[in-house]
Amino acid sequence: MCSIVGMLYKTDKRLDISMGQALSKMMEATLHRGPDSAGWALYKEPHEGELRLRFFTARDEQGKKDVARIKKALDEQGAELIEDEAIGCTYAVRVKYSGDIQQFSFAMKRAAEIVSLGTRLDIIKDVGQPAKLVPYYHIGDFDGTHGLAHLRLATESGVYPNTTHPFWAPGFADICAIHNGMITNYWISRRRLEREGMEFQSNNDTELIAVYLAYKMSQGVSLEDALKSSLDDFDGTFSYLVSTPNSIGFAKDKLASKPCVVYEDDDLIAICSEEVGLNALFPGKALDTTEMPPYTYGLWSLT
């Protein structure tokens with residue numbers, strides 16, 4: 001099962017709730033699809049010359065040692081710490097950094113597992129349900145231009161924070177993916193990317209999607225063309241969403257057994273695994289929605 005959720009504002013006109021609240025409303029309405037864990041990809045305001053990073057850390061006294069190790073690694077990489085927060089199972093920082101992002105991220109993930117990295121991207125994910133996680137991680141305070149969210153029903157691996165979606169693309173800034181389904185040629189696809197110098201932090205097929213798309217774009221391929229090629233390069237059943245600093249894209253396999261429903265008006269795009277999630281944003285309103293057809297892809301960008 002699992003539930004995929006995404007939203008992007010096309011204009012300055014907004015709903016009367018924050019982006020974080022809107023994503024979470026759709027999640028709550030589809031909680032039956034994934035009660036094990038939840039995650040959000042939030043695109044926050046950038047700060048010139050700065051990067052955002054979030055790491056997984058232990059919740060107990062070991063967490064203090066994890067933080068000390070991360071700070072030491074940041075210093076060794078020439079990153080100046082501007083702001084930090086240890087919360088839940090994560091440690092989030094803003095740093096001044098002007099070097100090579102791929103080299104930096106590969107070096108930092110030797111110190112601790114990175115949840116996300118970018119000028120705007122902040123991924124927050126944990127075991128549990130939105131009703132508990134939203135206030136704990138202050139998700140409702142986020143009111144950016146776009147974001148993704150995911151509810152996971154664990155089928156292929158245990159229920160842990162680092163098996164929760166979204167998945168960042170290691171080595172690349174601000175790119176992540178969420179996914180409902182299974183990529184059955186995962187290992188073949190991963191080894192091809194590893195031969196090109198790509199690195200992975202998990203064995204999750206959603207991370208593969210993020211790395212695949214990021215690598216394609218690093219080779220000069222547009223995101224839209226990368227979405228198109230993924231339909232042939234990935235085997236399995238899947239509907240996935242990918243986000244970048246200024247867009248959200250989707251792809252759906254030829255069997256189309258994993259739902260992906262879209263609502264669009266003049267001001268926004270909202271995507272969810274089930275229409276009930278979209279209805280939660282507009283109670284009492286009859287929505288003109290579209291179920292994405294088999295073997296399709298698409299891209300929506302900020303205007």
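This is a predicted model: local features need pLDDT of at least 70, side-chain atom pairs count only at pLDDT 80 or more; totals for chains, interfaces and linings use all residues.
1. E3 covers residues 50-56, and it pairs with E6 in the antiparallel sense. Four bridges join the two strands. One place to look is Arg 52, whose bridge partner in E6 is Gly 118.

2. Now look at the other partner of E3. E3 and E5 are also antiparallel, and here the pairing runs over seven bridges.

3. Seven bridges join E4 to E5, and the two strands run antiparallel. Within this pair, Asp 84 stands opposite Val 93 in E5. E4 and E5 form a hairpin, with two residues between them. Gly 88 sits in the turn and has a positive phi of about 60°.

4. E5 itself is mostly covered, with six of its seven residues buried.

5. Check the length of H2. The helix has 15 residues and reaches 21 Å from its first C-alpha to its last. That is close to the 21 Å expected at 1.5 Å a residue. Just after H2, Gly 78 takes a positive phi of about 75°.

6. Which residues of H2 are buried? They are Gly 63, Asp 66, Val 67, Ile 70, Ala 73 and Leu 74. These residues lie on the same side of H2, because they cover an arc of only 125° around the axis. An α-helix has 3.6 residues a turn, so residues three or four places apart point the same way. What covers the buried residues of H2 includes E3, E5 and helix H3 (101-108). On the other side of H2, Lys 64, Lys 65, Lys 72, Asp 75 and Glu 76 are exposed.

7. There is another open sheet to trace. Seven strands form it, in the order E7-E2-E8-E1-E14-E13-E15, and the pairing is antiparallel. Its edge strands are strand E7 (121-127) and strand E15 (289-291), each pairing on one side only. Neighbouring strands here are turned by 10° against each other on average, direction ignored.

8. Strand E13 (residues 261-264) and E14 pair in the antiparallel sense over four bridges. Glu 264 has Ile 269 as its bridge partner in E14.

9. Helices pack here too. H1 lies across E1, E2, E8 and E14, and runs at about 150° to E1. H4 packs on the sheet as well, touching E2, E7 and E8. The direction of H4 makes about 40° with that of E2.

10. Pro 130 lies in helix H4. Is Pro 130 buried or exposed? It counts as buried, because its relative accessibility is 1% and the cut-off for buried is under 20%. Pro 130 and Ala 38 are 92 residues apart along the chain, yet their C-alpha atoms are separated by 6.4 Å. Beyond its sequence neighbours, Pro 130 touches residues including Met 27, Ala 38, Trp 40 and Leu 151.

11. Finish with two packed helices. Helix H5 (residues 186-195) and helix H6 (residues 205-218) pack at an angle of about 40°. Their axes are 10 Å apart. H5 passes H6 in a left-handed crossing. From H5, the contact is made by Tyr 186, Ser 189, Arg 190 and Leu 193. From H6, the contact is made by Asp 205, Leu 208, Val 211, Tyr 212 and Tyr 215.

Notes: Residues are numbered from 1 along each chain as its sequence is written. Side-chain values use heavy atoms; hydrogens and water are left out. Two strands pair if DSSP finds at least two bridges between them. The expected span of a helix is 1.5 Å times one less than its number of residues. Buried means under 20% relative accessible area, exposed over 50%, partly exposed in between (1.4 Å probe, protein chains only). The arc is that of the directions from the helix axis to the C-beta atoms. Contact means heavy atoms within 4.5 Å. Axes are lines fitted to C-alpha atoms, for helices over the stretch in contact, and angles run from 0 to 180 degrees between N-to-C directions. A crossing is left-handed if the near helix is turned anticlockwise from the far one by less than a right angle, and right-handed if clockwise.
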